[in-house]
Structures are given as C-alpha cells and as structure tokens.
Amino acid sequence: MGRLDDRVAIVTGGGRGIGRATCLRLAADGAAVVVNDIDEAPAQETVALISAAGGTAVAVVANTVDLDQARALTAAAADEFGKLDIVVNNAGTTRDKMFHGLDDELFDFVVDTNLKTGFHTTLAAMPYMREVAKAEIKEYGRPAYNRKLVFTSSVAALMGNPGQFNYTAAKGAVIATTKTLARELGPFGINVNAVAPGFVETRLTAAKQAGETYGIPEEMRTMARAMISLGRLGEPEDIANVTAFLVSSDADFVSGVTIPVTGGQLGGM
Ligand SMILES: NC(=O)c1ccc[n+]([C@@H]2O[C@H](COP(=O)([O-])OP(=O)(O)OC[C@H]3O[C@@H](n4cnc5c(N)ncnc54)[C@H](O)[C@@H]3O)[C@@H](O)[C@H]2O)c1
C-alpha cells in the first residue's frame with residue numbers, strides 16, 4: 001500500500017530537476033502521474049523511469065502559460081485516469097539580470113513561467129477538483145477525501161536575491177496567492193500549500209558556463225554552501241519528499257503555508 005494509491009496527479013515541469021524527482025516520488029507512493037513539460041524528450045524519459053520502477057505515468061506536452069494548453073492538460077489527465085486529485089505547480093525558470101538592465105520581455109517571460117503556469121493549470125483543474133468536491137459535499141455532506149494543490153516558491157522570495165527582481169516578483173506572489181487560494185478552496189477540502197526550495201542541484205543552479213542560459217557563478221554556489229546549516233546543496237529528492245508529504249493525507253490539516261526546504265539556509269528559514 002502506497003500513501004497515494006488511487007490518486008491522480010499532474011506535475012508541471014516534470015521533465016527535469018525537482019519536477020522529475022517529484023513525479024518519481026509520487027509514482028513510487030502509488031499515484032498515477034501526468035508528467036507535463038514543454039519539452040517532450042525529458043518528459044518521456046521521466047515516464048520511462050516511472051514505468052521501469054513499476055509505476056504508472058503518461059507524458060503531456062503543454063505550455064500552461066497558455067490557458068487553452070492548461071485546459072488540454074487537465075482534460076488529458078481526466079481522460080487517461082478518470083479524475084484529477086493533485087496538482088503540483090512546479091514549472092519555473094530564471095533569466096537573471098540586475099534591475100537596471102531589466103526590460104519588459106525578461107520580466108514578463110519569468111513572471112509568466114513561474115506564476116501564470118500555476119494560475120492557469122490550477123484554474124483548468126477546478127472542474128475536476130472544486131466542482132467534484134462540491135458535488136460530493138451536496139450528496140454526502142463532505143468531500144470523499146482531500147484534494148491537493150502545491151505551488152513552488154523559492155528561498156529567493158524569502159530573502160531577496162540580486163539579479164532576480166523578475167523571479168522574486170513571481171515567487172513572492174506564489175506565497176501570497178497560496179494563502180488566498182487556501183482560504184477559497186478550504187471549504188471544498190482542497191489543501192493549498194507551497195514549497196520554497198533553497199539551493200537545489202539542477203540546471204538552474206549548475207556552475208554557469210559562458211554563453212549558457214541557465215546556471216549561476218561558481219562563487220555563488222560556494223557562498224550558498226557556506227550559508228546552509230546542513231553544509232550541502234539540496235538534491236531534487238529533498239524537495240520531492242516534502243511535496244509528497246503535502247499531497248498525502250498526512251498533511252490533511254496543513255493549508256495555506258509555504259515550507260522552506262533549504263537545509264537551514266541563513267535568512268531563508
Ligand atoms: N533549483 C533550485 O535551486 C530552485 C530553487 C528554488 C526554486 N526552484 C523552483 O523549482 C522549480 C523547478 O526548478 P528546477 O531547478 O527543477 O528547474 P529545471 O530547469 O531543472 O526544470 C524545470 C522544468 O520545467 C520545464 N518548464 C519550463 N517552463 C515550462 C512551462 N511553461 N510549462 C511546462 N514546463 C516548463 C522545463 O522544460 C524543465 O524541464 C521551479 O519553479 C524553480 O523556480 C528551484
């Protein structure tokens with residue numbers, strides 16, 4: 001028996017990094033997982049890893065910055081597995097620039113990717129989560145079980161981070177909107193929480209090579225390690241473990257919170 005047996009989950013950005021680790025963990029806990037990404041090959045790789053481990057998953061390529069694509073994603077989950085219980089809004093990215101050099105294009109791209117994806121995916125999930133819970137309440141007086149939404153903020157939103165005005169605008173909004181949505185959806189038995197990862201080893205935090213889109217300077221990695229009480233950078237699984245808790249019935253009385261998962265990073269606790 002897994003603690004997510006009979007649950008259906010969507011994880012956005014499930015093709016790499018934290019999203020992939022989350023897909024693997026939810027599948028290992030028994031959920032049927034819809035692996036969403038904008039890139040097909042890594043999403044299919046995640047599905048293959050889940051299948052090889054005996055789990056159940058399908059890949060759905062969609063960019064949920066676009067609401068129609070978000071609707072297609074949630075419809076695909078319901079078509080494939082008959083329902084939708086869990087959405088992990090993990091898709092996100094960085095395009096760092098010091099504030100004085102920022103322009104609308106960089107601001108909008110980062111805010112869309114980190115905030116609008118979660119907005120749209122969650123909106124598109126409402127017919128399968130809120131409406132289904134509402135019908136259960138009408139018929140039985142309560143929802144059959146708690147459904148779960150998890151959003152992804154960042155330690156950068158808790159501390160501020162030079163070069164990340166665009167990113168922290170989105171990740172700070174994730175914390176605030178998580179609280180609002182928890183209040184709106186609590187009466188329908190839907191828990192709404194967020195994780196705020198610290199420095200986690202993915203392509204976003206790899207040592208930046210000249211000309212590459214992703215990554216951070218090596219000095220920042222060294223500085224980060226020095227600020228982390230537990231003395232190491234995080235692994236994607238460190239975040240997946242906490243999300244797996246939040247989407248399980250063990251966290252049925254937890255809602256509206258953002259959990260820093262930072263290894264005790266100074267200023268980010
Ligand atoms: N790595 C860290 O240290 C760290 C720290 C704090 C927060 N985060 C957050 O964790 C989440 C995952 O980050 P990661 O480090 O695993 O990054 P990653 O780049 O390794 O993986 C992100 C995945 O999201 C996908 N993606 C990007 N835009 C998308 C879109 N519009 N729709 C669907 N998929 C999309 C990418 O193709 C990629 O596969 C992000 O929200 C990120 O901001 C990461």
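**What is the handedness of the crossing of α1 and α2?**

## Packing of α1 against α2

The crossing of α1 and α2 is right-handed. In this predicted model, α1 packs on helix α2, which covers residues 40–52, at an angle of about 25° with the two axes 10 Å apart. Angles under 35 degrees count as roughly parallel, and α1 and α2 are therefore roughly parallel to each other.

On the α1 side the contact is formed by R20, C23, L24 and A27, and on the α2 side by T46, L49 and I50. By class, the residues joining α1 and α2 comprise five nonpolar, one polar and one charged.

## Packing of α1 against α8

Helix α8, residues 236–246, also packs with α1; here the angle is about 50° and the axes are 8 Å apart. That angle makes α1 oblique to α8. The crossing of α1 and α8 is right-handed.

From α1, the residues that meet α8 are G17, I18, R20, A21, T22, R25 and L26. Their counterparts in α8 are P236, E237, I239, A240, N241, T243 and A244. The contact of α1 with α8 contains seven nonpolar, four polar and three charged residues. R20 of α1 takes part in the contact with α2 and in the contact with α8.

## Packing of α3 against α4

A further helix pair is formed by α3, which covers residues 67–81, and α4: their axes come within 8 Å and cross at roughly 40°. The two helices are therefore oblique to each other. The crossing of α3 past α4 is right-handed.

In α3, the contact involves L67, A70, R71, L73, T74 and A78. In α4, it involves H120, T121, L123, A124, A125 and Y128. The residues of the contact of α3 with α4 fall into eight nonpolar, three polar and one charged.

## Surroundings of the ligand

The ligand is surrounded by 32 residues, and the closest of these are G13, R16, G17, G92 and T202. Divided by class, the shell has ten nonpolar, 18 polar and four charged residues.

## The chain as a whole

The protein chain contains eight helices and seven strands. Its radius of gyration is 18 Å, close to the 18 Å that the globule rule gives for 269 residues, so the chain is as compact as a globular protein of that length. Along its principal axes, the C-alpha trace spans about 55 × 40 × 35 Å.

Technical notes: Residues are numbered from 1 along each chain as its sequence is written. This is a predicted model: local features need pLDDT of at least 70, side-chain atom pairs count only at pLDDT 80 or more; totals for chains, interfaces and linings use all residues. A residue is near a molecule or strand if its C-beta atom, placed from the backbone, lies within 6 Å of it. Ala, Val, Leu, Ile, Met, Phe, Trp, Tyr, Cys and Pro count as nonpolar, Asp, Glu, Lys and Arg as charged, and the others, Gly among them, as polar. Axes are lines fitted to C-alpha atoms, for helices over the stretch in contact, and angles run from 0 to 180 degrees between N-to-C directions. Helices (H or I, at least four residues) and strands (E, at least two) are DSSP runs, numbered from the N terminus. Angles under 35 degrees count as roughly parallel, over 145 as roughly antiparallel, 65 to 115 as roughly perpendicular and the rest as oblique. A crossing is left-handed if the near helix is turned anticlockwise from the far one by less than a right angle, and right-handed if clockwise. Two residues are in contact if their C-beta atoms, placed from the backbone, lie within 7 Å. The radius of gyration is taken over C-alpha atoms; the globule rule is 2.2 Å times the number of residues to the power 0.38.
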